[in-house]
Amino acid sequence: MRLMTRTGIRNLVIMLALAGLVFVSQRSFLAVAVSINEIITVLFLVGLAVFAYQYFRANELAWFVIPSWQRKVIVLCAIGIAVLVLVGFPLLAPVITSLGVLALIAILAVVIIWIIRESRRFH
């Protein structure tokens, strides 16, 4: 009776090799993972900026319905979200935790949504 087939031995060797590779070069994998995370974050922010630009370009008259000071608040909140996503976690997480940073991002997003919704209301 055979305990392991050739396929089982091959799979075991592959798993051990991968585990050894991770164990040996743990720091380089961490650097690669952090770099990929930063790239994805920047691409996400660029995507949001493109979406916002296209949305307000398609609804240009709706943008001008919003009072000037509220338009400035929208732009400042969007910049605040971008800054918090890029550097907020490393800078503020030790002070207010990651959930606090996420709460700040959510508050800024709610302010933007509220201003846009209020500008669309018929009084």
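The model is predicted, so local features need pLDDT of at least 70 and side-chain atom pairs count only at pLDDT 80 or more, while totals for chains, interfaces and linings use all residues. Residues are numbered from 1 along each chain as its sequence is written, and side-chain values use heavy atoms, with hydrogens and water left out.

Start with the fold. The protein has 4 helices and 0 strands. Along the sequence the pattern reads α-α-α-α. Helices here are DSSP runs of H or I with at least four residues, strands are runs of E with at least two, and both are numbered from the N terminus. Helix α2 covers residues 26–58. Helix α4 covers residues 68–120.

Next comes burial. Of the 123 residues in the protein, 18% are buried. Buried means under 20% relative accessible area, exposed means over 50%, and partly exposed lies in between, with a 1.4 Å probe and protein chains only. Contacts tell a second story. Contact means heavy atoms within 4.5 Å. Among contacts between residues at least 6 apart in sequence, 56% join residues at least 24 apart.

Now turn to empty space. Rolling a probe the size of a water molecule over the atoms shows where such space is left. The largest pocket has a volume of about 670 Å³. Its lining counts 20 residues, and those closest to the centre are L48, A52, F56, A78 and I112. Helices α2 and α4 are the elements that give two or more residues to this lining. The largest share, 11 residues, comes from α4. By class, the lining has 19 nonpolar, no polar and 1 charged residues.

Those terms need their rules. The search runs on a 1 Å grid over the protein atoms alone; a pocket is an open set of points where a 1.4 Å probe fits, with protein on both sides within 12 Å along at least five of seven lines, and lining residues have an atom within 4 Å of a point. Grid points are joined across faces, edges and corners, and the volume is the space filled by probe spheres set on the points. Ala, Val, Leu, Ile, Met, Phe, Trp, Tyr, Cys and Pro count as nonpolar, Asp, Glu, Lys and Arg as charged, and the others, Gly among them, as polar.

F56 leads on to the aromatic rings. Rings of Phe, Tyr and Trp (its six-membered ring) pair if their centres lie within 6.5 Å; planes under 30 degrees apart count as stacked, over 60 as edge-to-face and the rest as tilted. The count comes to 3 aromatic pairs. The rings of Y55 and F56 have centres 4.9 Å apart and planes at 80°, so this pair is edge-to-face. Y55 is partly exposed because its relative accessibility is 31%. F56, at 18%, counts as buried. Ring pairs link F51, Y55, F56 and W63 into a cluster.

W63 also points the way to S119. The C-alpha atoms of S119 and W63 are separated by 8.9 Å, although the two are 56 residues apart along the chain. S119 sits in helix α4. With a relative accessible area of 15%, S119 is buried. Beyond residues up to four places away in sequence, S119 touches V65 and I66. A polar atom of the S119 side chain lies 2.7 Å from the backbone oxygen of I116.

T41, in helix α2, is buried at 15% relative accessible area. Leaving aside neighbours within four places, T41 is in contact with V85 and L86. A82, in helix α4, is partly exposed at 26%.

Finally, look at T97. Most residues other than glycine have a negative phi. T97 has a positive phi of about 70° although it is not a glycine. T97 lies in helix α4 and is partly exposed at 46% relative accessibility.

Note on methods. A polar contact is a pair of N or O atoms within 3.5 Å; within protein, one must be able to donate a hydrogen and the other to accept it, and residues adjacent in sequence count only if both atoms are side-chain atoms.
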